[in-house]
Amino acid sequence: MYAWQWGWPARVLASAACVLALAACVWAPSAQARPEPPDPSRAGLGWTPFFRDGPLKDSGWAACDDPIGVSIDDTSKFTPKVASKIAQALTTAARLWSSDSPLTFAFTGLVPMEHDSKSGVTSPVDGVERKRHLYLAFVTDKESEALTDRIVGLGLPTSVDPTNKAILLGEVTFERDYVEESTLNEVTALLAHEMGHALGLGHSTDKGDVMYPIVRAATKLGPGDIAGLQSLLRPCVDTNASRDYPLP
Ligand SMILES: [Zn+2]
């Protein structure tokens with residue numbers, strides 16, 4: 001039996017956690033909002049895990065040498081200019097999350113995906129079983145009940161190995177119109193924030209963190225982002241060996 005089958009109950013839990021997280025995951029860029037300077041005495045303490053309780057509490061990615069694969073859905077729907085903006089934003093966001101951690105990322109190509117309007121979950125439809133992977137998709141708000149005027153991105157871990165609480169898969173979905181119309185910095189900040197959720201982080205109370213729920217620019221990780229990611233890292237184990245676990 002495969003370890004992957006252990007992950008299915010975890011996937012259900014992850015989806016449930018997503019529904020809870022959606023209410024709090026509000027993206028509200030506002031020209032009127034004036035960011036306050038971060039409180040230095042609270043630096044690094046504002047982060048929260050995506051899974052705050054239950055059997056998957058504090059799940060994170062394994063600190064393995066092999067990179068986390070990243071697939072995106074068909075970008076041919078975008079103009080070359082927007083596709084280039086997405087590529088630049090993804091490169092910067094991946095660099096941010098690997099800058100102060102052992103995690104690295106590798107773009108592995110385009111994968112056709114489908115989006116469940118009600119749950120907000122996006123899944124690949126090619127039937128290929130991937131591990132240690134992130135899926136990125138772009139949908140219109142008409143295609144998703146989960147994306148509204150104020151929620152333009154969703155990110156979550158979607159499969160976790162409960163034996164060591166290592167996240168195996170994550171999904172990130174973006175509101176297509178927002179990505180098309182926003183600046184490179186705004187798209188980069190959104191992508192970095194939603195990737196952070198897929199990496200196991202919840203929202204931060206520190207305005208200096210990428211995981212603060214209202215972010216309009218992200219040129220570097222905040223101290224809470226770094227502390228959170230480091231705290232959630234799991235030891236790297238031989239994933240091939242773990243596939244031999246029998247089912248209970
Ligand atoms: Zn969020």
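Entry 1: I began with what lies over the buried residues of helix 2, and found that the cover includes strand 2 (105-110), helix 3 (176-181) and helix 4 (184-198). I note at the outset that this is a predicted model, and I read every entry below with that in mind.

I then listed the buried residues of helix 2 themselves, which are Lys85, Ile86, Ala89, Leu90, Ala93, Ala94, Leu96 and Trp97. They cover an arc of only 160° around the axis, which puts them on the same side of helix 2. The spacing of such a list follows from helical geometry, because an α-helix has 3.6 residues a turn and residues three or four places apart therefore point the same way. On the face turned away from the buried side of helix 2, I found the exposed residues Pro80, Lys81 and Ser99.

I also checked the length of helix 2, which runs over residues 80-99: its 20 residues reach 28 Å from the first C-alpha to the last, close to the 28 Å expected at 1.5 Å a residue.

Entry 2: Turning to the strands, I traced an open sheet of five strands in the order 2-1-5-7-6, with mixed pairing. Strand 2 and strand 6 (153-161) stand at its edges, and since each has a single partner strand, one side of each is left without a neighbour in the sheet.

**Entry 3: pairings of strand 1.** I looked up both partners of strand 1 (residues 68-72). With strand 5 (residues 133-139) it runs parallel, joined by four bridges, and Gly69 stands opposite His133 in strand 5. With strand 2 the pairing is again in the parallel sense, over five bridges, and here Ile68 stands opposite Phe105 in strand 2.

Is strand 2 largely in the open or buried? Of its six residues the number buried is zero, so strand 2 lies largely in the open, although strand 2 is also among the elements that cover the buried residues of helix 2.

**Entry 4: the whole chain.** Last, I stepped back to the protein chain, which has six helices and seven strands and follows the pattern α-β-α-β-β-β-β-β-β-α-α-α-α along the sequence. Buried residues make up 43% of its 248 residues. Among its contacts between residues at least 6 apart in sequence, 76% join residues at least 24 apart.

Key:
Residues are numbered from 1 along each chain as its sequence is written. This is a predicted model: local features need pLDDT of at least 70, side-chain atom pairs count only at pLDDT 80 or more; totals for chains, interfaces and linings use all residues. Helices (H or I, at least four residues) and strands (E, at least two) are DSSP runs, numbered from the N terminus. The expected span of a helix is 1.5 Å times one less than its number of residues. A residue is buried if 20 or more other C-beta atoms lie within 10 Å of its own, exposed if 12 or fewer, and partly exposed in between; C-beta atoms are placed from the backbone. The arc is that of the directions from the helix axis to the C-beta atoms. Two residues are in contact if their C-beta atoms, placed from the backbone, lie within 7 Å. Two strands pair if DSSP finds at least two bridges between them.
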